[in-house]
Amino acid sequence: MYDHIGLRVRDLAASVSFYRAALAALGHEQTSGDASSAGFGSGGSTGLWLAQTNGAGERGAHLAFRAADRASVERFYKKGLAAGGRDNGAPGPRADYGPTYFAAFLVDPDGNNVEAVCLAEEN
């Protein structure tokens, strides 16, 4: 169901320290990190992203749902807009995330960033 989850954090170093320790107990490790973000997962896959935020206006979580194909991503976007979601990125390739990354982004009624992503080759 989920591809990955993103959390906005105020103190990235403290959050990295917490998640590194807590998730190690579950067999997960830090998979990436820089001055503004960190990723955690296992088996070469990142399932949790932490992003540094300093703005009071930035809120909500980021949820990415796995889609079977690109047509499903497009349906997610259209149906989500029709049900009250706000556009946060129309369906399309996201080459900066990966060569086959195809996604759409919506903001739900509570301000959460919701994504549908297909990682398969174009079909």
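A residue is called buried when its relative accessible area is under 20%, exposed when that area is over 50%, and partly exposed in between (1.4 Å probe, protein chains only). Helices (H or I, at least four residues) and strands (E, at least two) are DSSP runs, numbered from the N terminus. The model is a predicted one, in which local features need pLDDT of at least 70 and side-chain atom pairs count only at pLDDT 80 or more, while totals for chains, interfaces and linings use all residues. Residues are numbered from 1 along each chain as its sequence is written, and side-chain values use heavy atoms, with hydrogens and water left out.

Start with helix α1, whose buried residues are Leu12, Ser15, Val16 and Leu23. They cover an arc of only 100° around the axis, which puts them on the same side of α1; the arc is that of the directions from the helix axis to the C-beta atoms. An α-helix has 3.6 residues a turn, so residues three or four places apart point the same way. The face turned away from the buried side of α1 carries the exposed residues Ala13, Phe18 and Ala21.

The table sets out the spans, where the expected value is 1.5 Å times one less than the number of residues.

| Helix | Residues | Expected span | End-to-end C-alpha distance |
|---|---|---|---|
| α2 | 70-82 (13 residues) | 18 Å | 19 Å |

What do the buried residues of α1 pack against? Their partners are the strands β1 (2-9), β2 (29-33), β3 (37-42) and β4 (45-52). Contact here means heavy atoms within 4.5 Å.

The helix starts deserve a look too. A side-chain oxygen of Asp11 comes to within 3.3 Å of the backbone nitrogen of Ala13 at the start of α1. At the start of α2, a side-chain oxygen of Asp69 reaches to within 3.4 Å of the backbone nitrogen of Ala71. After α2 comes Gly84, with a positive phi near 105°.

Ser15, in helix α1, counts as buried because its relative accessibility is 15%. Leaving aside neighbours within four places in sequence, Ser15 is in contact with Val9 and Leu50. Ser15 and Ala51 are 36 residues apart in sequence, and 9.7 Å apart in space, C-alpha to C-alpha.

Asn113 lies in strand β9 and, at 13% relative accessibility, counts as buried. Not counting residues up to four places away in sequence, Asn113 touches Ala61, His62, Leu63, Asn88, Phe105 and Leu106. The side chains of Asn113 and Asn88 are joined by a polar contact of 2.7 Å.

**The largest pocket**

Which residues lie nearest the centre of the largest pocket? They are His4, Trp49, His62, Tyr97 and Glu115, out of 23 residues that line the pocket. β1, β4, β5 (62-66) and β9 (113-118) each supply at least two residues of this lining.

Notes: Polar contact = N/O pair within 3.5 Å; in protein donor to acceptor, adjacent residues only side chain to side chain. 1 Å grid on protein atoms, 1.4 Å probe; cavity = no way out; pocket = protein on both sides within 12 Å on 5 of 7 lines; lining within 4 Å.
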